[in-house]
Amino acid sequence: MDGRRPFADRRDAGRLLAARLTDPARAAAVPLGPHALVLGLPRGGVVVAAEVAAALGAVLDVVAVRKLGLPGRPELAMGALAAVGDTVASVRSEAVLASVTVDAAAADEVRRAELTELRRRQRAYRGDRPPPALTGRTVVLVDDGLATGSTVRAALTAVRAARPAAVVVAVPVGAVDACATLDADEVVCLLTPSPFGAVGRYYDDFGETTDDEVRAALSGSPA
């Protein structure tokens with residue numbers, strides 16, 4: 001990739017994504033507006049989601065997610081967890097699990113550790129605030145990119161359990177195959193390059209988002 005990358009940073013990506021979602025010429029499968037609930041996937045997805053929520057005039061909240069890395073190879077996802085309130089959903093990365101042998105005890109240990117971290121993040125980001133009501137609402141799930149799609153699929157499963165009216169997944173950039181596997185009413189993705197590589201290669205600044213930045217985005221404060 002030569003020259004400037006498609007997105008300066010996550011806020012820039014969020015503004016561009018928001019412009020697509022609010023474009024009057026968009027052939028919308030799901031109408032959006034102030035009635036929608038925007039849920040960002042921590043950490044970086046919340047920063048993107050803040051721009052989307054601001055453009056829609058919608059409420060911003062968070063759905064906690066954690067990748068389940070293979071024992072000994074944590075960079076490779078064997079699945080993911082997501083939580084909406086007390087509901088925890090898990091998904092498997094079947095393509096990964098079909099190519100490796102995973103010790104059941106080690107896999108259970110990974111899941112326990114990631115569930116502990118997921119609950120910590122829920123407390124860190126939400127404090128004492130109750131989870132938002134999803135039943136009958138239009139939900140927009142936002143992340144900063146979609147590589148394998150495992151965390152977004154877990155978030156979709158957790159959100160669907162609350163019986164929303166519709167779920168839209170919105171990301172600045174995603175792999176074609178990952179976008180195609182999502183059980184959403186609509187998928188909005190600005191870029192679907194092939195070959196894909198890593199999400200970070202499409203950002204000039206893809207530095208790690210901190211817990212404080214997530215809390216600032218959720219409160220509407222500047223980062």
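Guide: In sorting residues by class, Ala, Val, Leu, Ile, Met, Phe, Trp, Tyr, Cys and Pro count as nonpolar, Asp, Glu, Lys and Arg as charged, and the others, Gly among them, as polar. With these classes, the lining of the largest pocket divides into 15 nonpolar, 10 polar and 10 charged residues. Please bear in mind that this is a predicted model.

The largest pocket has a volume of about 880 Å³. Its lining is made up of 35 residues, and those nearest the centre of the pocket are Pro 42, Lys 67, Asp 143, Asp 144 and Thr 151. At least two lining residues come from each of strand S3 (64–70), strand S4 (73–84), helix H4 (104–126) and helix H5 (150–160). The largest share, five residues, is supplied by S3.

The second largest pocket holds about 230 Å³ of space. Two or more residues of its lining are given by each of S4, strand S5 (87–92) and H4. Among the residues that line this second pocket are Leu 68, Met 78, Ser 90, Arg 92, Ala 107, Asp 108 and Arg 111. By class, six residues of the lining are nonpolar, two are polar and three are charged.

H4 consists of 23 residues, and the distance from its first C-alpha to its last is 32 Å, close to the 33 Å expected at 1.5 Å a residue. At the N-terminal end, H4 is capped by Asp 103, which has a side-chain oxygen 3.2 Å from the backbone nitrogen of Ala 105. Just after the helix comes Gly 127, with a positive phi of about 60 degrees.

Several residues of H4 are buried, including Ala 107, Val 110, Glu 114, Leu 118 and Tyr 125. Ala 107 also belongs to the lining of the second largest pocket. The buried residues of H4 pack against strand S2 (59–62), S3, S4 and helix H7 (211–219).

Key: Residues numbered from 1 in each chain as written. Predicted model: local features only at pLDDT ≥ 70, side-chain atom pairs only at ≥ 80, totals over all residues. Heavy atoms only, no water. 1 Å grid on protein atoms, 1.4 Å probe; cavity = no way out; pocket = protein on both sides within 12 Å on 5 of 7 lines; lining within 4 Å. Points joined across faces, edges and corners; volume = space filled by probe spheres on them. Helix = DSSP H or I, 4+ residues; strand = E, 2+ residues; numbered from the N terminus. Expected span 1.5 Å × (residues − 1). Buried < 20%, exposed > 50% of the residue type's maximum accessible area, 1.4 Å probe, protein only. Contact = heavy atoms within 4.5 Å. Polar contact = N/O pair within 3.5 Å; in protein donor to acceptor, adjacent residues only side chain to side chain.
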